[in-house]
Amino acid sequence: MYSSTEAIVLQLHPYKDNSAVVKLYTSQMGLVTCWVRSGHGKSSKTKAAIMQPLSILKAEISYKETNNMPQLKEIAVAEHTPAIAMQIEKSSIALFLSELLLHVLKESSHDIQLYAFIRDSIVLLNSTEKKCSNFHLLFLVRLCDHMGFLPTENYSPGTSFFDLQEGAYVEKEPMHTYFFHPIESEFLHTLSTLRMEEFYIPLIPAPVRKRLLHGLLDYYRLHLGISALKSHIILEEVL
């Protein structure tokens, strides 16, 4: 049985001599793990070039009863994103977002709106000429909305500490370490009011941006139970 779908590349792992295992987030089937015959020569290089993190492909996937893992039979570019591959800032963000999505998305979880959000964000990242320092932060916030744990919007001067465990703004410092101080809380509130296209608007100082990133990753770990990410270390050096 064959299935044709648009797909976003999240990870490509070499496997044995002439094949690889690829994780795709598809518009029709959600997260799918399949293997692809990489081969050698020009066609192999072409496949590798168009299967970078967050590449958007047209994919034909073959399912056989005798195989536990489906095979990626045919691929073609669905949306060209050359700037992501060529610009270090954008490629670092793409690496981080793909690792994040690998931790967050569940196998075979099908969500058309979530797929559209991720796809539109990739296209925006590729096409924008704005500085992308805040892009990953706003993506994290907007993804919370799709995953069902968007921070409660009760920010005010009187509730200026964001409790990461409770997902809400509170009056005083919580009795634990998982919270934002007022400066980070204010920027989180600002980010929560923005569309992805407005990612460049807040002028967030680099130290605050770093604390926001670490706190938001804690927020994901607390509410989704994901393990620690690694690619944000590279991101922090680049942005």
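This report describes strand pairing and surface pockets in a predicted model.

**Strands**

Strand 2, which spans residues 19-26, runs antiparallel to strand 3 and is joined to it by eight bridges. Three residues lie between strand 2 and strand 3, and the two strands form a hairpin. Within this pairing, Y25 stands opposite L31 in strand 3. Strand 3 (residues 30-37) is mostly covered, as seven of its eight residues are buried.

A further group of three strands forms an open sheet with the order 7-6-8 and antiparallel pairing. Strand 7 (168-170) and strand 8 (179-180) are the edge strands, each pairing on one side only. Strand 6 (residues 161-163) is joined to strand 8 by two bridges, and D163 stands opposite F179 in strand 8.

**Pockets**

The largest pocket is lined by 19 residues, and Q52, P53, S55, T81 and A85 lie nearest its centre. Strand 4 (56-62), strand 5 (71-79), helix 2 (82-86) and helix 3 (88-104) are the elements that each give two or more residues to this lining. Helix 3 gives the most, with four residues.

The lining of the second largest pocket includes V9, L10, Q11 and L12, as well as L95, S98, E99 and L102. Strand 1 (2-15) and helix 3 are the elements that give two or more residues to this second lining. Q52 and P53, named above for the largest pocket, also line the second largest pocket.

Conventions. Residues are numbered from 1 along each chain as its sequence is written. This is a predicted model: local features need pLDDT of at least 70, side-chain atom pairs count only at pLDDT 80 or more; totals for chains, interfaces and linings use all residues. Side-chain values use heavy atoms; hydrogens and water are left out. Two strands pair if DSSP finds at least two bridges between them. Buried means under 20% relative accessible area, exposed over 50%, partly exposed in between (1.4 Å probe, protein chains only). On a 1 Å grid over the protein atoms alone, a cavity is a set of points where a 1.4 Å probe fits but cannot get out, and a pocket is an open set with protein on both sides within 12 Å along at least five of seven lines; lining residues have an atom within 4 Å of a point.
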